[in-house]
Amino acid sequence: MSQLPLTGIKVIDFTGVQAGPACTQMMAWFGADVLKVERVNGGDVTRHQLRDIPDVDALYFTMLNSNKRSLAIDTKTPEGEEIMEKLIQDADVLVENMAPGALDRMGLGWEHLHKLNPRLIFGSVKGFNDDSPWSDLKVYENVAQCAGGAASTTGFWDGPPTVSAAALGDSNSGMHLLIGILTALLDRERTGRGQRVSVSMQDAVLNLCRVKLRDQQRLERVGYLEEYPQYPNGTFTDVVPRGGNAGGGGQPGWVLKCKGWEEDPNAYIYFTIQEQDWGPTCQALGKPEWIDDPAYSTAQARQPHIFDIFAEIERWLADKTKYEAVDILREYGVPCAPVLSMKEIAYDPALRSSGSVVEVEHKERGTYLTVGSPIKFTGFTPTITGSPLLGEHTDEVLASLRYSEEEITALHEKKVVVSHD
Ligand code: CAO
């Protein structure tokens with residue numbers, strides 16, 4: 001494909017940390033011209049957070065801001081606001097995820113921008129939606145996981161609410177916002193008008209926790225949840241409990257130990273018992289006698305002693321590595337996978353060849369690994385490039401807005417803008 005699908009779409013990326021940058025980074029991968037607008041004093045906070053090389057942009061930043069350009073500008077000065085307004089008049093999309101009210105305080109709220117450019121799509125992430133009693137709160141990842149129902153339903157029943165390592169609040173909200181922005185862009189084709197697209201992190205987490213809302217209603221109706229480890233030998237209260245590693249659908253499953261688990265914390269597989277494949281599953285495990293045994297042959301009969309069955313499977317797994325076990329089980333159609341460490345993922349040749357993990361060049365740090373597009377297209381393959389240095393494109397952006405060299409120098413002297421030297 002000579003032109004990427006979002007070529008020509010101009011995005012002002014007024015975002016920071018993870019939720020907003022994840023959204024705009026994907027737009028950049030798909031061809032949009034994404035201009036990251038950052039503070040003159042240090043830029044996006046993630047440039048400095050958890051650095052592994054002194055004075056070099058942290059991986060936290062580089063892995064969320066590839067394929068973008070950077071403009072460092074103080075938008076709280078009259079000159080900075082004027083530059084922003086010029087950019088906005090010519091933009092298709094503005095994305096922001098600042099603290100509630102920050103854009104209004106800066107004079108760049110939705111009403112004003114909509115008047116300035118009625119075609120502009122204004123994408124926004126906040127912790128809570130406008131109707132929430134907590135809409136004024138600042139929010140980070142784990143706060144959203146707790147407010148969105150993920151933490152109360154994750155972990156083991158005898159432990160506290162637990163957050164997930166997956167960025168359900170941050171990157172997930174960014175992906176929801178991206179869907180909203182692309183929808184608004186399509187709508188603009190019809191109407192000629194832009195709109196405000198808002199995603200709250202609480203709502204985005206809840207959207208991924210919908211099966212737990214399903215379970216709350218089932219629990220209220222029947223008093224138990226048959227696929228949870230608490231059934232039938234434990235007790236239920238009136239709220240969805242934490243189910244450990246149980247499967248969330250009608251197929252029981254668990255994380256099971258494989259050969260070497262005593263030394264290797266990831267020598268495990270996830271094993272699923274699929275009802276319609278009970279016969280082949282028993283064959284795979286060398287337990288053909290279970291196929292027609294009334295104590296084993298139905299999901300209902302198995303549930304009271306499901307952990308005895310898992311213990312039997314662990315005995316079968318004891319002399320097999322997680323990879324050997326999966327190689328056997330795949331022949332019998334058992335839904336399963338090895339538990340992979342981040343090291344295994346980083347060096348996995350298949351993830352490299354599919355472009356899901358990519359090595360990119362950065363001007364100051366050399367090469368680093370990042371996550372490539374998880375969406376594959378027949379028409380094109382996104383090329384992932386390094387992230388910009390702070391203010392790397394400041395002067396080129398000002399020149400494109402027809403600022404003269406003298407004016408640009410004056411803006412530098414007044415510290416309205418900064419460019420990377
Ligand atoms: N020039 C001048 N000022 C700028 C600027 C620029 N280029 N860019 C940002 N600022 C200002 C803002 O206007 C704001 O000023 P006021 O507080 O005076 O209004 C200030 O910088 C801080 O903004 P911020 O929101 O980026 O930072 P914060 O530390 O106050 O809060 C966060 C950070 C993430 C908690 C908050 O932005 C938030 O709740 N965002 C919404 C939810 C979200 O996306 N959170 C997830 C982030 S990913 O983990």
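**View 1. The annotated glycine-containing segment.** In the unreviewed UniProt entry, the annotation "binding site" covers Gly-249, Gly-250 and Gln-251; UniProt positions follow the numbering used here, feature names are shortened, and annotations may be inferred rather than shown by experiment. The model is predicted, so that local features need pLDDT of at least 70 and side-chain atom pairs count only at pLDDT 80 or more, whereas totals for chains, interfaces and linings use all residues. Residues are numbered from 1 along each chain as its sequence is written, and side-chain values use heavy atoms, with hydrogens and water left out. Gly-249 belongs to the loop that links helix 9 (210-222) to strand 7 (253-257). Helices (H or I, at least four residues) and strands (E, at least two) are DSSP runs numbered from the N terminus. With a relative accessibility of 35%, Gly-249 is classed as partly exposed; buried denotes under 20% relative accessible area, exposed over 50%, and partly exposed the range in between (1.4 Å probe, protein chains only). Pro-232 is placed in the loop between helix 9 and strand 7, and the peptide bond that leads from Tyr-231 to Pro-232 is cis, with omega near 0 degrees.

View 2. The ligand is surrounded by 23 residues, and the closest are Ala-99, Arg-105, Met-106, Lys-138 and Val-139; a residue is counted if one of its heavy atoms lies within 4 Å. The backbone contributes through an N or O atom of Val-139, 2.7 Å from a nitrogen atom of the ligand. A polar contact is a pair of N or O atoms within 3.5 Å; within protein, one atom must be able to donate a hydrogen and the other to accept it, and residues adjacent in sequence count only if both atoms are side-chain atoms. Of the 940 Å² of accessible area that the ligand has on its own, the protein covers 82% (Shrake-Rupley method, 1.4 Å probe; for residues, only the protein chains shown count as cover). Helix 4 (102-105) and strand 5 (121-126) are the elements that give two or more residues to the shell. By class, this shell holds 11 nonpolar, four polar and eight charged residues; Ala, Val, Leu, Ile, Met, Phe, Trp, Tyr, Cys and Pro count as nonpolar, Asp, Glu, Lys and Arg as charged, and the others, Gly among them, as polar.

View 3. Another "binding site" annotation in the unreviewed UniProt entry includes Arg-39, Asn-97, Arg-105, Lys-138, Val-139 and Gln-276 among its positions. The annotated positions span 238 residues in sequence, and the farthest two C-alpha atoms are 58.9 Å apart, so they do not all gather at one spot. Asn-97 is found in the loop between strand 4 (93-96) and helix 4, where it is buried at a relative accessible area of 18%.

View 4. The unreviewed UniProt entry places the feature "active site" at Asp-170. Asp-170 occupies the loop between helix 6 (141-147) and helix 7 (171-191) and is buried, its relative accessible area being 7%. Thr-153 is located in the loop between helix 6 and helix 7 and is buried, at 11%. A polar atom of the Thr-153 side chain lies 3.1 Å from the backbone oxygen of Ala-150.

View 5. Ser-200 is part of strand 6 (residues 196-200) and, at 3% relative accessibility, is buried. A polar atom of its side chain is 3.0 Å from the backbone nitrogen of Asp-203. Gly-194 lies in the loop that joins helix 7 to strand 6; at 8% relative accessibility, Gly-194 is buried. Between the C-alpha atoms of Gly-194 and Ile-181, 13 residues apart along the chain, the separation is 9.8 Å.

**View 6. Two residues with positive phi.** Arg-402, although not a glycine, has a positive phi of about 70 degrees. This arginine sits in the loop between helix 16 (394-400) and helix 17 (405-413) and is exposed, at 75% relative accessibility. Lys-415, likewise not a glycine, has a positive phi of about 60 degrees. Lys-415 is found in the loop between helix 17 and strand 12 (417-418) and counts as exposed at 59%.
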